[in-house]
Amino acid sequence: MDTTSFRKKAVSVDSVEAVPPAVTPPPASNGETSFSKKPSLRVPKARKRDIPQGIWTKCPKCATMIYDKELDENLKVCPKCQHHFPIGSRERLNALVETCSFEEMDAGMTSVDVLQFTGVAAYTAKLAEYQSLTGLKDAVITGIGKIGDHRVALGVMDFAFLGGSMGSVVGEKLTRLIEAGTDRGLPVLIFSTSGGARMYEGMFSLMQMAKTCGALAYHARQKLPYISILTHPTYAGVMASYASVGDLILAEPAALIGFAGPRVIRDTTQAELPPGFQTAEFLLDHGLIDAIVPRKEMKSRLKLYLDFMMEGQRAIAKAS
Ligand SMILES: [Zn+2]
């Protein structure tokens, strides 16, 4: 009898030991215990995944998060601090010309790799990359359109295409635009943004400086106005040619404008540069540009300037 009860007891002890005690937490699959897990911290991560990318943009000047749609509607200008974000050439054109009035010129013109340039990447590969990235053939769009009542020969550069660099296509398209303006008696307007001449094309890009300025000289002989609008950034070969010879030179607020960059100048001259050097505001104070015009006022201000300048041109034509 005693033996039987002892055996029964032994069986029941064995069965208890086979099941882990309820108070012991089961080991986590990654070896961590529940004490090191912080499930509450995972919630924001999951929420972050729910927000689609590319809907908000942080303003680099005031750090405000701006809804992309609002930024687009505001012509890529921060509604809080008026910081001017880069804007594509098509968007700029749409904001400027009257609806359906723009006839593009030389839309299919593309660069040729005359020098068969190969560096870090081949020029042909770079061109193909930027053409698919931007949907543009090169760094400028040109054509005839209307701003208010004025027909104008309008060129708009795009920094997104190889840094807005001026190669043979940019030079040729602008030259043809200026010549069309001369032939048809139209004012020429060019919105510049560029890192300078396109080094992939060597001398072929540098000669565009003389070519565009030559065409502008013929345009000026007809007493026709040329308005140059400098946007952020406008540098080097472009600034040293057609961008700086406008009858009227405008700039967008805080645009950086210059020939060589500040670091190169500082290293060459070994001199400290003044604060705000090469900004549109600095250049306005020093007489290089005539006015700073915020992007949202650009169209109305251009209409005003064109009214005035074309009235003068008509008076000259009548007198001669
Ligand atoms: Zn801002």
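None of the eight residues of helix α9 (residues 262-269) is buried, so α9 lies largely in the open. The model is a predicted one, and its protein chain comprises 11 helices and nine strands. Of the 320 residues in the protein chain, 31% are buried. Among contacts in the protein chain with a separation of 6 or more, 67% join residues 24 or more positions apart.

- Helix α9 covers residues 262-269, and the number of buried residues among its eight is zero.

**Helix α5**

- Helix α5 spans residues 123-134, a run of 12 residues.
- From the first C-alpha of α5 to the last, the helix reaches 16 Å, close to the 16 Å expected at 1.5 Å a residue.
- Glycine 135 follows α5 and has a positive phi, near 75°.

**Packing of α6 with α7**

- The axes of helix α6 (residues 168-184) and helix α7 (residues 203-221) come within 9 Å and cross at roughly 5°.
- Because angles under 35 degrees count as roughly parallel, α6 is roughly parallel to α7.
- On the α6 side, the contact is made by Ser168, Val170, Gly171, Leu174, Thr175, Ile178, Glu179, Gly181 and Thr182.
- On the α7 side, the contributing residues are Phe204, Ser205, Gln208, Lys211, Thr212, Ala215, Leu216, Tyr218 and His219.
- By residue class, the contact of α6 with α7 comprises seven nonpolar, nine polar and two charged residues.

- Strand β4 (residues 140-147) pairs with strand β3 (residues 103-105) in the antiparallel sense, over three bridges.
- Within this pairing, glutamate 104 has glycine 143 of β4 as its bridge partner.
- Strand β4 also pairs with strand β5 (residues 150-157), again in the antiparallel sense, over eight bridges.
- Lysine 146 has arginine 151, in β5, as its bridge partner.
- The hairpin of β4 and β5 has two residues between the strands, and glycine 148 in that hairpin takes a positive phi near 65°.
- In a regular strand, side chains alternate between the two faces of the sheet.

Conventions
Residues numbered from 1 in each chain as written. Predicted model: local features only at pLDDT ≥ 70, side-chain atom pairs only at ≥ 80, totals over all residues. Pairing = 2+ DSSP bridges. Helix = DSSP H or I, 4+ residues; strand = E, 2+ residues; numbered from the N terminus. Expected span 1.5 Å × (residues − 1). Axes fitted to C-alpha atoms, helices over the stretch in contact; angles between N-to-C directions. Parallel < 35°, antiparallel > 145°, perpendicular 65-115°, else oblique. Contact = placed C-beta atoms within 7 Å. Nonpolar A, V, L, I, M, F, W, Y, C, P; charged D, E, K, R; others polar. Buried ≥ 20, exposed ≤ 12 C-beta atoms within 10 Å, placed from the backbone.
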